[in-house]
Amino acid sequence: MSDEEDHPRRWAILVALCAALLVIVIDNTVLHVAVPAVGDAFDASTGQLQGVIDAYVVVFAGLLITAGVTSDRYGRRRTVVVGLLVFGVASALAAAAPSVEWLIAMRALMGLGAALVMPATLAVLVAVFPEQERPRAFAVWSAVASVGMAAGPLLGGALVDVWSWAGVFLINIPVVAVALVGIVRLVPETRAGDGRELDPLGTVLVTAGMTGLVWALIEAPAYGYTSPAVLGGALVAVVALVAFGVRQARSTVPMVDLRLYRDRRFSGASFAVAVMTVATGSTLFILSQYLQLVLGHSAFETGLAAIPLAAGVVAGSAVGGRAPARFGPRVCIVTGFAVTAAGFAVLASLSEDSGYLAVSAGLALAGVGSGIAGPSATSTVLDAVPRERAGMGSALNDTHQQLGIALGVAGLGSLLATAYRGALPDGLPGHAVSSLGATLSHAKDHAGGSALAEEARSAFTEAQSLTMTVGVAAALAGAAVAFFALPGRAAPGAVPEPESEAAGRAS
């Protein structure tokens, strides 16, 4: 729609969409610090508390592709509005949960609402911003997403302290209300122009496949990579996704045009971002243990560690939103990933005597790098997708990131645990080597506990350095992929369309 390429209210539309984005992104992390309070309120087991956390993430990631295709078919604004309504109602019902099982169900429903919102927000930005302004718009979008993720633990801690665990959910309602007003009043309706219908069987297959894959990745460290539950989830994922791929390849109007992955811009930028999020996905989780259990900081002080990361993202996004027009996306992505690698190198050098300043410096560098690279990566992915399929393209972009995060949590979390156990002294009981916290608890009740505690902190720091070194390698790998796969400058002119789209309009 050419009349929307330079929409007169596009910056106000961006603000409304960012309000919607903020509330769903914060919910990825806001509940982490409220878990003890939820456990006390419902006398919940560790498995149930894990369910409260994971229900949102698994449903959110599992439904992204389906939600993106739905937004293309039925309208992006309508999809965002429905998603926000579902999210708001589920938040209110979660705050009034009579049991932990009810809370898990409402968290899953919130994940459904979030999945409807996220890809549609990016698709609207593609529709209302001209190509030369999109990197700046994506920079704001990326900065809001990163700040929301970083601010979640701080906000959650404050709400639990001054209110209760229910405040973590009730705070969503006014934000959702404000976002709804802005979106209904400002955002134009856009949809795909081909009028294609949803594929019910394809929808079931991709949803089952993505849900099974994300669940298996998240739960593998806790259950074990060879446990029946994890292997079962992985098997469901493989079978469903292979069947979905075969169905898409044979369809004349596929839900997801797999030929997009033949485009070096799309596949190169997507792979680079996925590799990058493998490194960043578990960083704050690992560092929170280091700050509290090794350096002895309080939970609030640990939450403050997210501020340098968020500030770095904002500062980097200010550069990343403008630099592509001058230097091209490849230079921005490579430079951003190199700066992030430098941040991980600082984090890999942390010792038991390091101070808060060293942690802040490493996180700030990682944030600056992400801010520089993020807008160019998002623009590169979406510029390779036909505009009328922007919802599907946005969903694929979000899915690549979510899979990278899940893989990072599973892979780096397992590496951390394995390296930590290997560095501990022999002869400790099994329950005492499961985590640093478990070892320190064991040390309190046994002779020679002080020496064991020091050894445990040293072992954890060594294991942490190993995982952060992997983060350096992942960031450099992402930079290498971007350098070799992407063009040096933004491709001029119109983006070629997949054959099925062009043929459909020609007929």
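Eight aromatic pairs turn up when the whole structure is searched, where rings of Phe, Tyr and Trp (its six-membered ring) pair if their centres lie within 6.5 Å, and planes under 30 degrees apart count as stacked, over 60 as edge-to-face and the rest as tilted. Take Tyr56 and Phe60: their ring centres are 5.8 Å apart and the planes meet at 50°, so this pair is tilted. Both residues belong to helix 3 (residues 46-62), four residues apart, or about one turn of the helix. Helices here are DSSP runs (H or I, at least four residues), numbered from the N terminus. An α-helix has 3.6 residues a turn, so residues three or four places apart point the same way. Tyr56 and Phe60 are both buried, meaning under 20% relative accessible area, with exposed being over 50% and partly exposed in between (1.4 Å probe, protein chains only). Elsewhere, ring pairs join Phe42, Trp165 and Phe169 into a cluster.

A word on the model: it is predicted, local features need pLDDT of at least 70, side-chain atom pairs count only at pLDDT 80 or more, and totals for chains, interfaces and linings use all residues. Residues are numbered from 1 along each chain as its sequence is written, and side-chain values use heavy atoms, with hydrogens and water left out.

The predictor's confidence in each residue, pLDDT, runs from 0 to 100. Its mean over the chain is 83, and 92% of the residues reach 70 or more. Among the elements, helix 5 has the highest mean pLDDT (95) and helix 22 (residues 499-506) the lowest (40).

| Stretch with pLDDT under 50 | Contacts beyond four places in sequence |
|---|---|
| residues 1-5 | 13 contacts |
| residues 490-507 | 28 contacts |

Where pLDDT is low, the predicted coordinates should not be read in detail.

Now for some packing. Which residues of helix 20 are buried? In this helix (residues 436-444), they are Leu436, Ala438, Thr439, Leu440, His442 and Ala443. The buried residues of helix 20 pack against helix 13 (283-294), helix 19 (390-423) and helix 21 (449-485).

Ser376 sits in helix 18 (residues 356-383) and counts as buried because its relative accessibility is 1%. Leaving aside residues up to four places away in sequence, Ser376 touches Gly320, Pro324, Pro329, Cys332 and Ile333.

Leu93, by contrast, is partly exposed, with a relative accessible area of 34%. Leu93 lies in helix 5 (residues 76-95).

How values were computed:
Helix = DSSP H or I, 4+ residues; strand = E, 2+ residues; numbered from the N terminus. Contact = heavy atoms within 4.5 Å.
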